Protein chains: 2
Amino acid sequence: MKPRKVRGFEDVYAQDISVLSTMLECLQAHYRLYGFEPLYTPSIEYSDVLGKFLPDDDRPNDGVFSFQDDAEQWVSLRYDLTAPLARYVAENYDNLPKPFKRQQTGTVWRNEKPGPGRLREFSQCDIDIIGSTSMASDTEIIIVAARALEKLGIPSQQYRIAVNNRKLMDSLLMRLFPLQKGAELTAQKTTILRAVDKLDRLGITGVTQLLGQGRKDESGDFTKGANLNTSQIDMVLDFLTTTNTIKDRKSALKALENIAHKNALGEEAWHEFFRIDNLLSALHIPDWQVQFDTSIVRGLDYYTGPVFEAELLPQKNDTDKIVGVSGAVGGGGRYDGLVSRFSKNIIPGVGFSIGVTRLFHALKQYMEYDFSVQTPVIILALEQDFMAEYFKLADELRQDGIIADVYMGESGMRAQMKYADKRQARFVIIEGEDERKQNVVTIKDLDKGRIVSQSISDNTQWRQNQEAQVKIPKNDVLAYLSKRIKK
Amino acid sequence: MKPRKVRGFEDVYAQDISVLSTMLECLQAHYRLYGFEPLYTPSIEYSDVLGKFLPDDDRPNDGVFSFQDDAEQWVSLRYDLTAPLARYVAENYDNLPKPFKRQQTGTVWRNEKPGPGRLREFSQCDIDIIGSTSMASDTEIIIVAARALEKLGIPSQQYRIAVNNRKLMDSLLMRLFPLQKGAELTAQKTTILRAVDKLDRLGITGVTQLLGQGRKDESGDFTKGANLNTSQIDMVLDFLTTTNTIKDRKSALKALENIAHKNALGEEAWHEFFRIDNLLSALHIPDWQVQFDTSIVRGLDYYTGPVFEAELLPQKNDTDKIVGVSGAVGGGGRYDGLVSRFSKNIIPGVGFSIGVTRLFHALKQYMEYDFSVQTPVIILALEQDFMAEYFKLADELRQDGIIADVYMGESGMRAQMKYADKRQARFVIIEGEDERKQNVVTIKDLDKGRIVSQSISDNTQWRQNQEAQVKIPKNDVLAYLSKRIKK
């Protein structure tokens with residue numbers, strides 16, 4: 001049997017886990033300060049309860065892992081944390097505080113074709129406010145998201161939250177297709193949204209093809225287009241580029257007037273932008289930190305109002321080359337129909353989701369974290385008969401918060417030193433026959449010239465070859481190490 | 001559409017999440033002190049890589065959630081954290097320190113028929129040592145498990161780690177079926193193990209039936225038995241009850257001689273018990289904390305040597321009635337064949353797994369944790385035009401670590417007070433027109449006589465009715481609250 005992972009699934013190692021935990025603790029504490037209370041919902045929900053809101057209908061099984069349970073009901077692994085939240089709120093509506101503010105960190109699964117950087121299992125860290133139509137909610141979500149990135153140590157002006165509004169796009173579509181209604185308009189809208197959502201990846205040319213007859217990609221696969229005519233395509237592109245060169249919100253509001261003041265839906269969108277800017281500006285949230293940008297779409301189908309995207313901006317090095325991780329690390333928006341699926345009443349919602357893995361890889365480049373972790377002190381087990389002595393010594397160190405690890409195998413000195421090396425230990429404690437007679441131990445500092453353990457053949461030779469080692473009374477070990485190890 | 005959860009899956013609420021996190025942080029830090037490094041493996045693995053080691057072959061789909069991925073490969077949600085670890089070690093063997101010590105906390109899934117207290121999604125918190133045959137490893141695992149329970153605040157002598165050895169049972173089976181070999185013996189062994197594993201639930205009578213012709217349960221379902229004859233059944237029962245009344249390890253070792261010194265496998269088992277006791281006793285691990293008990297089996301098929309079970313002992317109240325949660329909260333053992341499935345070499349392993357949810361429910365009764373969490377200060381939003389002022393005040397409090405929550409809805413005073421009540425807030429801050437004119441705010445202490453928010457109809461009446469409220473200058477709010485809130 002060959003040991004192998006399923007494609008699109010990855011292991012995570014010790015050091016990354018400790019940085020990830022630090023990052024998540026920071027986010028969760030930040031969210032908590034704003035009154036977002038933690039919730040845990042299960043990984044598996046009934047498929048019809050989750051609904052179908054994922055972008056890209058060209059994925060296998062609509063992008064969701066689904067199967068039948070023992071009662072032959074279709075169930076699915078959640079593809080986000082918002083759809084299960086809608087189920088939770090609908091199920092518990094009467095007992096919840098209204099509005100309901102919750103945070104959740106959890107794994108989600110997407111049955112996509114895996115590729116570089118595209119995993120089928122990843123984590124999200126979400127905040128949501130359910131039950132408020134006020135733009136103050138949307139604004140709070142935007143502010144909390146922006147400050148989260150700041151708190152995690154991403155330098156000012158190297159990120160932004162971009163804000164758009166789905167109603168603005170809907171207003172445009174009403175003008176493009178004045179005669180269409182219902183399912184037909186929805187299908188048309190979906191095709192256009194998905195085309196526009198690819199602006200980042202395919203550029204204006206690619207999007208133009210997808211809005212028109214369609215597009216053949218490098219592999220020769222053809223994607224059917226939205227079949228807009230040239231003037232319709234121009235209207236969409238004009239819309240997308242409205243705020244293209246505008247960096248401040250007040251000028252963006254001005255520019256938006258042209259495309260918004262065409263019908264009631266556009267007016268509504270404009271006033272939502274206006275109210276968001278009003279509150280942001282009163283709170284002195286800088287124009288670089290939160291921007292209005294008509295090119296932002298977000299993939300999920302359930303958004304109905306403002307949509308947000310958290311982006312790391314491309315960084316250039318000395319030779320003007322783009323370096324490091326950039327692009328979206330999170331997104332969200334208002335979804336006034338999602339909880340309402342389960343209810344006769346309209347239950348509005350707005351939220352934001354951080355892509356934990358993406359953000360983590362991005363954070364590494366800013367090095368705001370102490371990536372060093374305490375490595376264990378390795379106590380060699382030279383004589384199996386004295387194992388209890390080694391265990392006792394280790395316990396003494398642990399009581400002081402020092403990570404202590406007695407070698408657990410039955411191999412000789414050489415293998416034990418190799419083990420200490422692989423564990424990246426700084427200190428090794430040796431208590432052999434000689435030491436025991438004198439009631440001392442030898443402490444070796446491996447950082448002072450990392451040893452090449454392969455070249456060492458026996459205990460005596462090894463000891464003679466080493467400089468950075470001391471013999472100290474056994475009773476002094478804790479005091480000696482405690483001073484030297486950062487806990 | 002009706003909002004509903006899949007059977008056997010549960011939501012977890014804010015307060016339980018914060019206690020669960022505290023518990024897991026305690027366990028993880030404890031494991032880390034012993035040099036167990038964190039690892040994350042994915043939730044989904046190829047079905048054949050996980051293998052079939054779950055107890056109870058009467059479960060649907062062998063107890064595992066399985067489905068085909070887009071490449072039509074069978075994949076499964078992991079049913080434990082040990083089978084994926086075996087895959088990980090085999091895949092990365094050359095680069096790992098040997099022995100390899102890792103800890104992992106994660107969700108696992110079982111496709112069982114759900115019932116009261118039997119969930120299909122739960123968390124485990126595991127430690128394992130791979131690559132060492134030394135009984136020092138098994139002993140370390142036992143000690144770390146025992147001390148984990150102690151550290152979590154379970155009072156001394158209200159828990160124990162029970163230790164048995166699969167080789168002892170195998171030695172008995174060799175004597176019961178001297179002529180059987182291979183698959184036939186394995187099948188026979190599995191049936192007997194599963195019968196014996198039900199001792200806790202079915203008692204001696206039930207196990208006797210399952211060892212004989214079989215057993216009809218309350219619902220009328222018949223489980224086929226192992227078809228042993230009366231003398232064979234007696235041998236098994238004698239074996240199970242060998243250490244029945246024995247509470248110290250030395251006496252248990254003595255009693256075990258009778259059943260162990262019958263063949264080579266029995267001798268081996270006895271010497272493993274002996275070596276474990278040797279180290280435990282040298283380290284003064286009390287007899288109540290770690291006990292030898294031949295009635296312990298553990299369900300998983302992959303164990304090959306010592307097996308362990310962490311148990312909370314039944315507590316009786318004044319009237320001698322058993323109260324609270326008792327029974328197994330974790331278990332483990334040695335599995336020398338699991339990694340070897342992927343390798344020509346024997347790669348031994350030993351580990352222990354805590355059932356996080358079970359232990360959590362048990363811990364609640366010992367109340368060692370501070371179950372109180374900081375509740376938010378609620379800032380009422382009486383005038384939407386002054387939202388920015390409310391946001392600024394909230395930010396000022398948050399900078400001092402105070403959870404502050406501006407009411408996000410657009411309802412009136414009454415709904416806002418009801419909201420504060422549902423959030424279990426102690427303090428509410430009111431800044432209405434009157435207060436703004438005087439540059440003060442009203443702070444209401446809800447704990448001083450929780451208000452009945454339903455009876456309040458307007459702002460003025462509410463203020464007159466309240467005793468526990470103060471008016472203070474807006475600039476003094478932080479100082480006032482900071483003194484009164486435990487962060």
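**Figure 1. Surroundings of B:Ile161 in the predicted model.** Leaving aside neighbours within four places in sequence, B:Ile161 is in contact (heavy atoms within 4.5 Å) with B:Ile142, B:Ala145, B:Ala146, B:Leu149, B:Gln289, B:Val290, B:Gln291, B:Phe308, B:Glu309 and B:Ala310. Together with A:Ile429 and A:Leu481, B:Ile161 touches the most other members of the largest nonpolar core, which has 116 residues. A nonpolar core is a set of buried Ala, Val, Leu, Ile, Met, Phe, Trp, Tyr and Cys residues joined through side-chain atoms within 4.5 Å. Buried means under 20% relative accessible area, exposed over 50% and partly exposed in between, with a 1.4 Å probe and protein chains only. Helix H4 (residues 135–151) of chain B gives the largest share of this core, ten residues. Another core, of 115 residues, lies apart from it and includes A:Ala195, A:Leu280, B:Leu397 and B:Met413. In soluble globular proteins, nonpolar side chains tend to be buried together.

The model is predicted: local features need pLDDT of at least 70, side-chain atom pairs count only at pLDDT 80 or more, and totals for chains, interfaces and linings use all residues. Residues are numbered from 1 along each chain as its sequence is written, chains are lettered from A and ligands numbered from 1 in the order in which they are written, and side-chain values use heavy atoms, with hydrogens and water left out.

**Figure 2. Strand S19 (residues 440–445) of chain A and its two partners.** Helices (H or I, at least four residues) and strands (E, at least two) are DSSP runs, numbered from the N terminus. Two strands pair if DSSP finds at least two bridges between them. Strand S18 (residues 427–430) of chain A is joined to S19(A) by four bridges and runs antiparallel to it. Five bridges join S19(A) to strand S20 (residues 469–473) of chain A, again in antiparallel fashion. A:Thr442 stands opposite A:Ile430 of S18(A), and its bridge partner in S20(A) is A:Lys471. Six of the six residues of S19(A) are buried. In a regular strand the side chains alternate between the two faces of the sheet. Here A:Val440, A:Thr442 and A:Lys444 are buried on one side, and A:Val441, A:Ile443 and A:Asp445 on the other.

**Figure 3. The open sheet S2-S4-S3 of chain A.** Three strands form this sheet with antiparallel pairing. Its edge strands, S2 (44–46) and S3 (66–68), each pair on one side only. From one strand to the next the twist averages 35°. Strand S3(A) is joined to strand S4 (residues 74–77) by three bridges, and A:Ser66 stands opposite A:Ser76 in S4(A).

**Figure 4. Helices H9 (residues 249–260) and H10 (residues 264–282) of chain A.** The helix axes come within 10 Å and cross at roughly 175°. Axes are lines fitted to C-alpha atoms, for helices over the stretch in contact, and angles run from 0 to 180 degrees between N-to-C directions. The crossing makes H9(A) roughly antiparallel to H10(A); angles under 35 degrees count as roughly parallel, over 145 as roughly antiparallel, 65 to 115 as roughly perpendicular and the rest as oblique. Residues making the contact include A:Leu253 and A:Leu256 of H9(A), and A:Trp270, A:Phe273 and A:Phe274 of H10(A). By class, this contact has seven nonpolar, two polar and five charged residues. Ala, Val, Leu, Ile, Met, Phe, Trp, Tyr, Cys and Pro count as nonpolar, Asp, Glu, Lys and Arg as charged, and the others, Gly among them, as polar.

**Figure 5. A:Leu312 in strand S11 (residues 306–312) of chain A.** A:Leu312 is buried, with a relative accessible area of 2%. Not counting residues up to four places away in sequence, A:Leu312 touches A:Ile154, A:Gln158, A:Tyr159, A:Val325, A:Ser326, A:Gly327, A:Val329 and A:Ala362. A:Ala362 is 50 residues from A:Leu312 along the chain, and their C-alpha atoms are separated by 8.1 Å.

Figure 6. B:Pro99 lies in the loop between helix H3 (82–92) and strand S5 (100–109). B:His284 is exposed at 64% relative accessibility.
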